[in-house]
Amino acid sequence: MNTLRTTFEMGVREYARTPILLALLAFLPVYLILVFHWVMPESRVTVDIPIQGAMSAEMTAVATVLTTPMAAAFVGGAAGLFLMQSASAVDSRLAIAGADAVEIVAARGGVLALAALVGGVVSVGVLSAVMSVERLRWYLLAILLVALMYGGLGALVGLVLNRLAGVYVLLFGPFFDLFLAQSPLTDETHALAPFLPGHFPMKLAFDAALTARVVPRNLWFSLAYVAVLALGVGLGFRRGLRVD
């Protein structure tokens, strides 16, 4: 338990001492969400909402609902990338010193989950300052799932790419997935959309934001995706513990 708590606290302090991560958390959701909200025309558009089909909605609302998960994904993905790459050397020294590998991995996973969840909460807080959604708790849950997914994906990207290349992947990946492929503004679903991580949580997000009903199945599929990612990230952290 001491190793778990100590490693978790070390990870939180390390996050708090990383300027780029703090800047992303404090600045990116505010900038991204508010800019899209303010620059979009005050007109109504037809959107295809999973639970209701075609309906009319304000363009500013649609843009804000789209950019909120994208901001959360950027923050979570960056946290996963930086945490995976910065923790390897420290965790290896802890393992050599006799710390339990399971506790080290659990602590790092806890730090990653915390960073992703805080990014999701901040993003939804910014959205709530400029608009109201129909079912806030469900919408918040959807955004937290997106943040956790991309936090896990960021950690996996950190295993195979250097920091610069990883940042590019984690900028363009969420943009394509969440803003383009899952957009309800298109008449036809993108061929890749059902296979991308944002598919089910974005369905949940739009149902919760623009209608009074949600489909719980989208939550279960999202949780299953997060569970598989958590396993992969745990194995990735464990692989980084070089004790030889």
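A87 counts as buried because its relative accessibility is 1% (buried means under 20% relative accessible area, exposed over 50%, partly exposed in between, with a 1.4 Å probe and protein chains only). Helices here are DSSP runs of H or I with at least four residues, numbered from the N terminus.

This is a predicted model, so local features need pLDDT of at least 70 and side-chain atom pairs count only at pLDDT 80 or more, while totals for chains, interfaces and linings use all residues. Residues are numbered from 1 along each chain as its sequence is written, and side-chain values use heavy atoms, with hydrogens and water left out.

**Nonpolar cores**

- A nonpolar core is a set of buried Ala, Val, Leu, Ile, Met, Phe, Trp, Tyr and Cys residues joined through side-chain atoms within 4.5 Å.
- The largest one has 58 residues, and those with the most contacts inside it are Y15, V47, I49, Y139, L178, F206 and L210.
- Helix α3 (residues 59-96) is the top contributor to this core, giving 14 residues.
- There's also a second, separate core of nine residues, including L83, M84, V111 and A155.
- L178 touches L66, P69, M70, A73, V146, Y150, S183, G198 and M202, leaving aside residues up to four places away in sequence; contact means heavy atoms within 4.5 Å.

- Helix α2 (residues 19-39) has 21 residues and reaches 29 Å from its first C-alpha to its last, close to the 30 Å expected at 1.5 Å a residue; the expected span is 1.5 Å times one less than the number of residues.
- α2 has a kink of about 40° at F27, shortly before the proline P29; the bend at a residue is the angle between axes fitted to the seven residues ending there and the seven starting there.
- Buried in α2 are L21, L25, L28, P29, L32, I33, L34 and H37.
- The 19 residues of α6 should span 27 Å at 1.5 Å a residue, which agrees with end C-alpha atoms 25 Å apart.
- In α6, the buried residues are G166, L170, P174, D177, L178, F179 and A181.
- At the start of α6, a side-chain oxygen of N162 comes to within 3.3 Å of the backbone nitrogen of L164. That's a polar contact, meaning a pair of N or O atoms within 3.5 Å; within protein, one must be able to donate a hydrogen and the other to accept it, and residues adjacent in sequence count only if both atoms are side-chain atoms.
- Helix α7 (residues 199-210) has twelve residues and reaches 17 Å between its first and last C-alpha, close to the expected 16 Å.
- α7 is mostly covered, with ten of its twelve residues buried; among them are H199, D207 and L210.

**Two buried serines**

- S123 is found in helix α4 (residues 101-130) and counts as buried at 0% relative accessibility.
- A polar atom of the S123 side chain lies 3.4 Å from the backbone nitrogen of A72.
- S123 touches P29, I33, T68, A71 and A72, not counting residues up to four places away in sequence.
- S183 lies in the loop between α6 (163-181) and α7, and at 10% relative accessibility S183 counts as buried.
- The S183 side chain reaches the backbone nitrogen of L185 at 3.2 Å.
- S183 also touches L66 and L178, again not counting residues up to four places away in sequence.

**Aromatic pairs**

- The structure holds five aromatic pairs. Rings of Phe, Tyr and Trp (its six-membered ring) pair if their centres lie within 6.5 Å; planes under 30 degrees apart count as stacked, over 60 as edge-to-face and the rest as tilted.
- Y168 and F172 are stacked, at 6.4 Å centre to centre with 5° between the planes.
- These two are four residues apart in helix α6, so about one helical turn separates Y168 and F172.
- Y168 is partly exposed at 47% relative accessibility, while F172 is exposed at 55%.
- F200 and F221 are stacked because their ring centres are 4.7 Å apart and their planes are at 25°.
- F200 lies in helix α7 and F221 in helix α8 (residues 216-239), so the pair ties together parts 21 residues apart in sequence.
- F200 is partly exposed, with a relative accessible area of 23%, and F221 is partly exposed too, at 40%.
- F36, F175 and F179 are linked into a cluster by ring pairs.
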